[in-house]
Amino acid sequence: ESSGKQVHFRLFERYDLRPSSGGDRPTYDQLADECRVPTTQVTNHLAWARRAFRRNVLSMLREMTGGEEEYRDEARRLLGLDV
């Protein structure tokens, strides 16, 4: 909240973390209506939130793993990333 990214997080939460009760993801247009932003902003905000999430997960993995090989294996397994 202190960074002013509440809308970014809300969109990330609604689209990537907690889809609607029926299990279907809302469309970007639906999210734009909910958050009162243009659809292009939904795309940009989600991209920012996903990068921030990835950065935080990788930082935590770096701290939790015992070495570079384990870190890379875990990043690949959890996020599908080659780091």
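These numbered points go through a predicted model, helix by helix.

1. Confidence. The mean pLDDT of the chain is 91, and 93% of its residues reach 70 or more. Among the helices, helix 1 has the lowest confidence, with a mean of 93. The highest is found in helix 3, which covers residues 39-64 and has a mean of 96.

2. Helix 1 against helix 2. Helix 1 spans residues 6-17 and helix 2 spans residues 28-35. The two pack at an angle of about 140°, and their axes are 11 Å apart. Helix 1 is therefore oblique to helix 2. Their crossing is right-handed. On the side of helix 1, the residues that meet helix 2 are Val7, Arg10, Leu11, Arg14 and Tyr15. Helix 2 supplies Tyr28, Leu31, Glu34 and Cys35. Sorted by class, this contact has 6 nonpolar residues, 3 charged residues and no polar ones.

3. Helix 1 against helix 3. Here the packing angle is about 85°, with the axes 8 Å apart. This value makes helix 1 roughly perpendicular to helix 3. Helix 1 contributes Val7, His8, Leu11, Phe12, Tyr15 and Asp16 to the contact. From helix 3 come Val42, His45, Leu46, Trp48, Ala49, Arg50 and Phe53. The contact of helix 1 with helix 3 holds 9 nonpolar, 2 polar and 2 charged residues.

4. What is buried in helix 1? The buried residues of this helix are His8, Leu11, Phe12, Arg14 and Tyr15. Helix 2 and helix 3 are included in what covers them.

5. Histidine 8. This residue sits in helix 1. Is histidine 8 buried or exposed? Its relative accessible area is 10%, so histidine 8 is buried, the cut-off being under 20%. Setting aside neighbours within four places in sequence, histidine 8 is in contact with His45, Trp48 and Ala49.

6. Aspartate 33. Aspartate 33 belongs to helix 2. Its relative accessibility is 62%, so aspartate 33 counts as exposed. Between aspartate 33 and methionine 60 there are 27 residues in sequence terms, and the C-alpha to C-alpha distance is 34 Å.

7. Arginine 36. The loop between helix 2 and helix 3 contains arginine 36. What is the phi of arginine 36? Phi is near 55°, a positive value in a residue other than glycine. With 77% relative accessibility, arginine 36 counts as exposed.

8. Helix 3 against helix 4. Helix 4 covers residues 68-79. Helix 3 and helix 4 pack at an angle of about 145°, and their axes are 9 Å apart. The crossing of this pair is right-handed. Arg54, Val57, Leu58, Leu61 and Arg62 make the contact from helix 3. From helix 4 the contact is made by Glu68, Tyr71, Glu74, Ala75, Leu78 and Leu79. By class, the contact of helix 3 with helix 4 has 7 nonpolar, no polar and 4 charged residues.

Terms used: Residues are numbered from 1 along each chain as its sequence is written. This is a predicted model: local features need pLDDT of at least 70, side-chain atom pairs count only at pLDDT 80 or more; totals for chains, interfaces and linings use all residues. Side-chain values use heavy atoms; hydrogens and water are left out. Axes are lines fitted to C-alpha atoms, for helices over the stretch in contact, and angles run from 0 to 180 degrees between N-to-C directions. Helices (H or I, at least four residues) and strands (E, at least two) are DSSP runs, numbered from the N terminus. Angles under 35 degrees count as roughly parallel, over 145 as roughly antiparallel, 65 to 115 as roughly perpendicular and the rest as oblique. A crossing is left-handed if the near helix is turned anticlockwise from the far one by less than a right angle, and right-handed if clockwise. Contact means heavy atoms within 4.5 Å. Ala, Val, Leu, Ile, Met, Phe, Trp, Tyr, Cys and Pro count as nonpolar, Asp, Glu, Lys and Arg as charged, and the others, Gly among them, as polar. Buried means under 20% relative accessible area, exposed over 50%, partly exposed in between (1.4 Å probe, protein chains only). pLDDT is the predictor's confidence in each residue, from 0 to 100.
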